[in-house]
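Work through the exercises below with the model open. Each task is followed by a stepwise solution.

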Amino acid sequence: MENQTIKKVVIAGGGTAGWTAAAALSRQLGSLLDITLIESDQIGTVAVGEATIPTIRTFHHLLGIDEKAFMRATQASFKLGIAFEDWGGLDERYFHAFGQIGKSTWMGDFHHIWMMAKANGLAGELGDYCFELQAAEAGKFATSEHSKLNYAYHLDAGLYARFLRQMSEGNGVSRVEGKITKVEQVADTGYIEALVLESGERVEGDLFIDCTGFRGLLIEETLKTGYEDWSEYLPMDSALAVQTEATDPALPYTRSIAHESGWQWRIPLRHRVGNGLVYCSKYISDEDARTALFDNIQGKTLTEPRVINFKTGCRRKVWTKNCVALGLSTGFVEPLESTSIHLIQNGIIRLIQLFPFNGMDDALIRHYNEQSKEELVSIRDFIILHYKQTARDDSAFWRDQQAMDIPDTLAQRIALFKENAHAYQAPDDLFRVDSWVQVMMGQGLVPKGYHHMGALMSTEQMQKALGGIKSNIAKAVESMPPHQQFLDQYCAD
Ligand SMILES: Cc1cc2nc3c(=O)[nH]c(=O)nc-3n(C[C@H](O)[C@H](O)[C@H](O)COP(=O)(O)OP(=O)(O)OC[C@H]3O[C@@H](n4cnc5c(N)ncnc54)[C@H](O)[C@@H]3O)c2cc1C
């Protein structure tokens, strides 16, 4: 241990990324490291990022987080998926639910059987065979040792950072308050040596984690890593966020409502609702975006609306020299599928697994960067799908989205699905086959053909199999309490 080269870790920034890194590192490697986090109350955090995906539960498990304590502390609600309204076409709605649909076999995925059954008048809607979707639509929720619901959370971003901070400080992380005004580098290598604060305090480190948000104070402003711009595919560059009082019981899902030149999120928490409009400034002004959002929110506003500007894309290398970036400093692919917090969590897990105890190693850095990039590219493609594959042509924005060129990786997926309904999850893909299928079909991509595995069953067998799945789900949903009721009970102090 005395030979350990990298011992002193300095985390710059204390938003969700900074405190997630601090909590995970201190919990897992705390006894081997000396961890300091610097944040500036004066600068503050981005203060959005409130919808998550189910992988957060695995991450929390790794950190030993008690679910009830976490939910109470962050005013969290449960999330079973996302309802997409007006995306495939005006007045259309579909669900991207987190669960599995029906029962797949080694030969093929369930939707192939369903398509054949549907063509023969033997099946209901695809969503009838998804437990999470049916529970979400019914506004029901329950979790127990026997419940198989796959779920995530909606959480208050500010409270989440506070919760993780408490954990981190409890595990020995030192917090330094102050604005970083200078980044000192070793003259010949360019490695970062220390961060200097406005007060003159100097914080030295061996490894620096850049969690300073969009600006990337270390990774970009200092190390000039470079940015790969994806705005040709994802032209959204602005968001307007506002919080409102809750007027209705909390829904167990996020609402994503497409507008003429963007889309709106509605995230129900226990103490309020998070709202926002994501838009492209080429098609709509901030003022008109504000009107579009305010015409579609309910309840008294609790905060002043804030415009947040961003450029979709990614840092060319998220690990450069002795600096690893996490969170918004790595880039941003817009929040449509709530993937950023997941990427932070995966980034820190990867860093823990590849931790450079013995010093920086080019092969290791390259490996980390390649893995991070592949993960992000498949998420990017999934998001682009929502814009490209639409029947909407009621505005210049949607017409341009339909006409845009897309990456070959996505074009291949669409072609594969369009002909024979094949979808796949590659090893580095976050999204499962059921996610791709729900969004492709939801956005109006109807395959011409499908695998004929369904024909191996008789009509009676097919009816029995599908009917059994559907009625089991219906019974289970029937027996569950309303989400709000469960939430109130579950989170009662
Ligand atoms: C509109 C929008 C909606 C989003 N919705 C979702 C969502 O639903 N789900 C999801 O998973 N993600 C979402 N995200 C992404 C999510 O918000 C971020 O991934 C997450 O909040 C992490 O942000 P961060 O910690 O990287 O940056 P920030 O929150 O910006 O934190 C940066 C930190 O660095 C500090 N800092 C900066 N400069 C200095 C300095 N010079 N000295 C000292 N400290 C400094 C700041 O004080 C702050 O503590 C959304 C993002 C946007 C823009």
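**Exercise 1. The neighbours of β11**

Task: Find how many bridges join β11 to β20, and state in which sense the two strands run.

Solution. This is a predicted model.
- Step 1. Take β11 and strand β20 (residues 323-325): 3 bridges join them, and the strands run parallel.
- Step 2. D210 stands opposite A325 in β20.
- Step 3. Turn to strand β1 (residues 8-12). It pairs with β11 in the parallel sense, over 4 bridges.
- Step 4. V10 has F208 of β11 as its bridge partner.

**Exercise 2. The two faces of β11**

Task: Which residues of strand β11 (residues 207-210) point one way and which the other? Are they buried or exposed?

Solution. 
- Step 1. Start from the rule. Side chains in a regular strand alternate between the two faces of the sheet.
- Step 2. Apply it here. L207 and I209 point one way from β11, while F208 and D210 point the other way.
- Step 3. Check burial. L207, F208, I209 and D210 are all buried.

**Exercise 3. The whole sheet**

Task: In what order do the 6 strands of the open sheet lie? Which are the edge strands?

Solution. 
- Step 1. Read across the sheet. The order is β7-β2-β1-β11-β20-β19, and the pairing is mixed.
- Step 2. Identify the edges. β7 (174-177) and β19 (319-320) each pair on one side only.
- Step 3. I11 stands opposite L37 in β2.
- Step 4. Place the helix. Helix α1 (residues 16-29) packs on the sheet and touches β1, β2 and β11. The direction of α1 makes about 170 degrees with that of β2.

**Exercise 4. I257 and its strand**

Task: Describe the pairing of strand β14 (residues 254-259), then the surroundings of I257.

Solution. 
- Step 1. Begin with strand β4 (residues 81-85). β4 and β14 pair in the parallel sense over 4 bridges. F84 has S256 of β14 as its bridge partner.
- Step 2. Go on to strand β15 (residues 262-268). β14 and β15 pair in the antiparallel sense over 5 bridges. A hairpin of 2 residues joins β14 to β15.
- Step 3. Locate I257. It lies in β14.
- Step 4. Classify I257. It has 17 other C-beta atoms within 10 Å, so it is partly exposed.
- Step 5. List its contacts, leaving aside neighbours within four places in sequence. They are E85, D86, W263, Q264 and N296.
- Step 6. Compare sequence and space. I257 and W87 are 170 residues apart in sequence, yet their C-alpha atoms are 7.3 Å apart.

**Exercise 5. A helix pair**

Task: Why do α8 and α9 count as roughly antiparallel? What makes up their contact?

Solution. 
- Step 1. Take helix α8 (residues 340-353) and helix α9 (residues 362-388). Their axes come within 11 Å and cross at roughly 160 degrees.
- Step 2. Apply the cut-off. Angles over 145 degrees count as roughly antiparallel, so α8 and α9 are roughly antiparallel to each other.
- Step 3. α8 passes α9 in a right-handed crossing.
- Step 4. Name the contact residues. α8 supplies L343, N346, G347 and R350. α9 supplies Y368, Q371, S372, E375 and L376.
- Step 5. Sort the contact residues of α8 and α9 by type. They divide into 3 nonpolar, 4 polar and 2 charged.

Technical notes
Residues are numbered from 1 along each chain as its sequence is written. This is a predicted model: local features need pLDDT of at least 70, side-chain atom pairs count only at pLDDT 80 or more; totals for chains, interfaces and linings use all residues. Axes are lines fitted to C-alpha atoms, for helices over the stretch in contact, and angles run from 0 to 180 degrees between N-to-C directions. Angles under 35 degrees count as roughly parallel, over 145 as roughly antiparallel, 65 to 115 as roughly perpendicular and the rest as oblique. A crossing is left-handed if the near helix is turned anticlockwise from the far one by less than a right angle, and right-handed if clockwise. Two residues are in contact if their C-beta atoms, placed from the backbone, lie within 7 Å. Ala, Val, Leu, Ile, Met, Phe, Trp, Tyr, Cys and Pro count as nonpolar, Asp, Glu, Lys and Arg as charged, and the others, Gly among them, as polar. A residue is buried if 20 or more other C-beta atoms lie within 10 Å of its own, exposed if 12 or fewer, and partly exposed in between; C-beta atoms are placed from the backbone. Two strands pair if DSSP finds at least two bridges between them.
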